Amino acid sequence: MAARPGRPELADIVRAHGLDLGHLPPHHRRVLDAIGDCRTAALGGHVLACDRCGHREISYNSCRDRHCPKCQALDRVRWQEARAEDLLPVPYFHLVFTIPAALHPLFRQDLRLTYDLLFRAVAETLATVAADPAHLGARLGFTTILHTWTQTLLYHPHLHVIVPGGGLDPRMTRWIPARRGFFLPVRVLSAVFRGKLLAFLEAACAQGRLPAPSGTSVARLLRRAARKKWVVYSKPPFAGPEGALTYLGRYTHRIAFSNERLLALEDGQVRFRFRDRAHGNVGRTMTLPALDFLRRFLLHVLPPGFVRIRHYGLFANSVRRERLDLCRTLLGVRPGTADPTPTESWDELLLRLTGRDVTRCPQCRKGRLCVVEDFPPGVVMHLPEPCAASP
């Protein structure tokens, strides 16, 4: 199947070469099928008609899969606006916890288990170090987001953490601010993180929950990883809490690859843009065989139902509203309101964000497009040809 004219999309690569991958885990095949079927007759749709001039057009349904590059933008905005109610009037910091490549084979043995252990190790590391009076002596609240890719789609699991600069004292009677421009020492965070994650992995293997990769032993992998440098990166504080939320919004619903980076699909080769992080973030291009490209993409498909955005401490879902109101009171600002119930439809949200009214008739520019017929998946709709104008 040839790529459509102009720049291709990930769906074009899937439709052209997805079946050539052969046997895949069922959830990988479901993801590829969803991406390939997105906004096509395979998912059904509806017929729209203008309430003034009678113009008609077809709109196909979206797959809504979280790995699809066409189905994330509005979900990201809705999530970001809901989280705006949680902002505190303090500096926010961005931390990144990365595991050494020596652990990648072990992580791939059971993604659900190892990713859960990664979240747990990061959460306990931050809570432990922050609670130490030598560093902050406070209870934190923070949000963590799992990413697993590099710009060239190689496997690189790491957690992004957005955290306010400070927390509540152990008795929860006052707010303890972090030092100006500094949150927690990254060397201490790295050492504690390394110890906790290695201990969790070793225990999981000893309990028989995590098998060793073929051809090696768990003990050897853990010793090799322990000798490597573990990186915890801390960026300077954001310019205000709103800046943190905007930045976080870019990470929450980001997927391994976006259609904007694809340049060409020709003769079974995929060419795409990437940023070379190792050489000053310079823009470059890469060409891969389509099957290798898809195999790299599938490295980042999450286990079904896996939660990749998690909230801890003061931000934990069970206590967030109560704890945030207490923080605001101690900081001398008004408590927040209850989370708003989203009432906007997707077309209303798009109009507010972009000024683009997708309900306006493209023919007469005055009427509105309304749904006049729904059709099920697999039905290919054909609209009648418009009548020729009378002489």
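These are my notebook entries on the packing inside this predicted model.

**Ground rules.** I number residues from 1 along each chain as its sequence is written. Because the model is predicted, local features need pLDDT of at least 70 and side-chain atom pairs count only at pLDDT 80 or more, while totals for chains, interfaces and linings use all residues, and side-chain values use heavy atoms, with hydrogens and water left out.

**Whole chain.** I found 11 helices and 13 strands, taken as DSSP runs (helices H or I, at least four residues; strands E, at least two) numbered from the N terminus. Of the 391 residues, 45% are buried, that is, under 20% relative accessible area with a 1.4 Å probe, protein chains only.

**Cores.** I looked up the largest nonpolar core, which has 51 residues, and those with the most contacts inside it include Leu103, Leu126 and Phe193; such a core is a set of buried Ala, Val, Leu, Ile, Met, Phe, Trp, Tyr and Cys residues joined through side-chain atoms within 4.5 Å. Helix H5 (111–131) and strand S4 (141–149) are among the elements that each supply at least two residues, and H5 gives the most, with 12. Leaving out residues up to four places away in sequence, I noted that Leu126 touches, among others, Leu95, Phe142 and Phe183, a contact being heavy atoms within 4.5 Å. A second, separate core of 31 residues includes Ala11 and Phe272.

**Helix pair.** I then followed helix H1 (residues 10–17), where Leu10, Ala11, Val14 and Arg15 meet Leu32, Ile35 and Gly36 in H2. The residues of this contact divide into five nonpolar, one polar and one charged, with Gly counted as polar and Arg as charged.

How values were computed
Buried < 20%, exposed > 50% of the residue type's maximum accessible area, 1.4 Å probe, protein only.
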